[in-house]
Amino acid sequence: SSGINAEYGEQLDSELKLDQVLEEMVIMNSRSQLYINFLRKRLQVEEWEGEAGLNELQQEAMGHYILLETHFVKQAIQKAVTLERREEKSLVSSVVDDICYVIQKSVHRAIGSKNVDITCAMINNAGSILSL
């Protein structure tokens, strides 16, 4: 029993860390985009030296973000199905609420990135998950 609790605790800790990393990745993307816009205005140019490199790094990081976010959502849905509970006299399972919450959180986080491509990718991801 204590082995199972320890394993569950480690899994929960891992999920919380991934959630935090995803939040930080979105903040990093948002702030780097803000910095790019600041430099454009400050320097009064369309593109400044080094911007292309920063954009490339930013896109690479956000590609990893999409993969991690997709993994996070799938893991959370599997966990919701595993922990399913039904209240007496209820026709709806807790899985419905849990899945909607996870998808909503994922989409809101993507919107927080202030990146249209990422937001569209996560909305498409949410749609494909809901259509299963």
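This is a short talk on the side-chain contacts and surface features of one structure.

Good morning. A word of caution to start: the model is predicted. Keep that in mind throughout.

Let me begin with charge. Side chains of opposite charge can pair when their charged atoms come close. In this model, the count comes to 6 salt bridges. I will take three of them in turn.

Start with Lys105 and Asp19. They form a salt bridge, and their closest N and O atoms are 2.8 Å apart. Lys105 sits in helix 3 and Asp19 in helix 1, so this pair ties together parts that are 86 residues apart in sequence. How covered are the two partners? Asp19 is buried, because its relative accessible area is 14% and the limit for buried is under 20%. Lys105, at 25% relative accessibility, counts as partly exposed.

Next, Arg109 and Glu23. Their side chains meet in a salt bridge, at 3.1 Å from N to O. Again helix 3 meets helix 1: Arg109 lies in helix 3, Glu23 lies in helix 1, and so the pair ties together parts 86 residues apart in sequence. Arg109 has 4% relative accessibility, so it counts as buried. Glu23 is at 33%, and therefore counts as partly exposed.

These two bridges do not stand alone. Asp19, Glu23, Glu69, Lys105 and Arg109 are linked in a network of salt bridges. So which ring does Arg109 lie over? The answer is Phe72: Arg109 lies over its face, at 5.4 Å from the ring centre. Arg109, then, has a salt bridge with Glu23 and a place over the Phe72 ring.

Arg40 is in helix 1 and Glu51 in helix 2, and the pair links distant parts of the chain, 11 residues apart. Buried or exposed, where does Glu51 fall? Glu51 is buried, with a relative accessible area of 1%. Arg40, at 29% relative accessibility, is partly exposed.

Now the aromatics. How many aromatic pairs does the structure hold? There is 1. The partners are Tyr35 and Trp48, and the geometry is edge-to-face. The centres are 6.3 Å apart, with 75° between the planes. Why edge-to-face? Because the cut-off for that class is over 60 degrees between the planes, and this pair is at 75°.

Tyr35 is in helix 1, which spans residues 2-43, while Trp48 is in the loop between helix 1 and helix 2 (51-82), so the pair ties together parts that are 13 residues apart in sequence. Trp48 has 13% relative accessibility and so counts as buried. Tyr35, at 43%, counts as partly exposed.

Leu91, Val92 and Val96 make a nonpolar surface patch of about 320 Å². Take Val92 from that group. Val92 lies in the loop between helix 2 and helix 3, and helix 3 covers 94-112. Val92 is partly exposed, with a relative accessible area of 46%.

Last, one cysteine. Where is Cys120? Cys120 is placed in helix 4, residues 116-130. With 41% relative accessibility, Cys120 counts as partly exposed. How far apart are Cys120 and Lys89? They are 31 residues apart in sequence and 38 Å apart in space, C-alpha to C-alpha.

To close, keep two items in view. One is the salt-bridge network that includes Arg109 and Lys105. The other is the nonpolar patch of Leu91, Val92 and Val96. Thank you.

Conventions
Residues are numbered from 1 along each chain as its sequence is written. This is a predicted model: local features need pLDDT of at least 70, side-chain atom pairs count only at pLDDT 80 or more; totals for chains, interfaces and linings use all residues. Side-chain values use heavy atoms; hydrogens and water are left out. Helices (H or I, at least four residues) and strands (E, at least two) are DSSP runs, numbered from the N terminus. Buried means under 20% relative accessible area, exposed over 50%, partly exposed in between (1.4 Å probe, protein chains only). Rings of Phe, Tyr and Trp (its six-membered ring) pair if their centres lie within 6.5 Å; planes under 30 degrees apart count as stacked, over 60 as edge-to-face and the rest as tilted. A charge sits over a ring if NZ of Lys or CZ of Arg is within 6 Å of the ring centre and within 35 degrees of the ring normal. Patches are made of residues with over 30% relative accessible area and no salt bridge: like charges are joined within 9 Å, nonpolar side chains (Val, Leu, Ile, Met, Phe, Trp, Tyr) within 5 Å. Accessible areas come from the Shrake-Rupley method with a 1.4 Å probe; for residues, only the protein chains shown count as cover. A salt bridge is a side-chain nitrogen of Lys or Arg within 4 Å of a carboxyl oxygen of Asp or Glu.
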